[in-house]
Structure formats: C-alpha cells, structure tokens
Amino acid sequence: MHPLDAAFDETVALHRSGQVAAALERYRQLINADANYAKAWHLLGVCYHQQGQQELALQCIARAISLVDSNPVYYSNAGLVLRTLGRHLDAANVLRRAIDLDPNF
C-alpha cells in the first residue's frame, strides 16, 4: 500500500461525485507529494480529458504509462484521448496494447 492511497481514494470519490475541478486539484497535490504516483497521473489525465484539455490529458496519461506500463486501463484511456484528438491509428495501436496486457479487457 502506498502512503497516499487513502487520500487518493478520497479524491476518486470526489471525482466520481462529479466534482472534476476539485478532484483535478487534489490529484495535482498528490503528484506534488510523489511525482511517481502513477494512479494520480492517470486520473489527472482523465480529469483533463473530461474538461476538454486533450493534450494535457494525453501527457498525464503517458506519464502514468511511463511509470507503470502494465495497466490496461491506462492504455485504454490513452486510446480514448487519442481518438478524441482524431489520431485514430495511434488510438488503435494503444488499444491493442491494452488488449495484449489483458485479453479479457
């Protein structure tokens, strides 16, 4: 268990309740506490995606992938952002990686 997991779980609950801007700020705080906290990078990217900031979303999710390259959810969300950016071939490649990691995904 990571020392920030309790705060992360609270932030996820905030995010799920629709308070995206507040969650975004809390994910940033978690990253400031630990720049290698992949889960926070990933969901920070998801927040940016939800706010329409696709380039920032992709950067954050790519950072999460660089830290933990075995999580198919990270690749799936990167594919979603790439598709939103109109980068369909890149999206397909990233989504294939998610399936390679977990064929049941």
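User: What should I know about the model and its numbering before reading any values?

Analyst: This is a predicted model, in which local features need pLDDT of at least 70 and side-chain atom pairs count only at pLDDT 80 or more, while totals for chains, interfaces and linings use all residues. Side-chain values use heavy atoms, with hydrogens and water left out, and residues are numbered from 1 along each chain as its sequence is written.

User: What pattern does the secondary structure of the protein follow along the sequence?

Analyst: Helices (H or I, at least four residues) and strands (E, at least two) are taken as DSSP runs and numbered from the N terminus. On that basis the protein has six helices and zero strands. Read along the sequence, the pattern is therefore α-α-α-α-α-α.

User: What is the radius of gyration of the protein, and what would a compact globule with 105 residues have?

Analyst: The radius of gyration is taken over C-alpha atoms, and the globule rule is 2.2 Å times the number of residues to the power 0.38. The C-alpha atoms fill a box of roughly 35 × 30 × 20 Å along the principal axes. For 105 residues a compact globule would be near 13 Å, and the value for the protein agrees, because it is 13 Å.

User: What percentage of the residues of the protein count as buried?

Analyst: Buried means under 20% relative accessible area, exposed means over 50%, and partly exposed lies in between (1.4 Å probe, protein chains only). Of the 105 residues of the protein, the buried share is 41%.

User: Is T11 buried or exposed?

Analyst: T11 is found in helix α1. Contact means heavy atoms within 4.5 Å, and, not counting residues up to four places away in sequence, T11 touches A23, R26, Y27 and L30. Y27 in turn, with its neighbours within four places left aside, is in contact with F8, T11, V12, H15, A40, L43, L44 and C47. Because its relative accessibility is 1%, T11 counts as buried.

User: Which residues is I31 in contact with, leaving aside its neighbours within four places in sequence?

Analyst: The place of I31 is in helix α2, and I31 counts as buried because its relative accessibility is 8%. Its C-alpha atom and that of L4, 27 residues apart along the chain, are separated by 9.7 Å. With the neighbours within four places left aside, the contacts of I31 are A40, W41 and L44.

User: What is the relative accessibility of L101?

Analyst: L101 lies in helix α6. Leaving aside neighbours within four places in sequence, L101 is in contact with D69, S70, N71, P72 and Y75. L101 counts as partly exposed because its relative accessibility is 28%.
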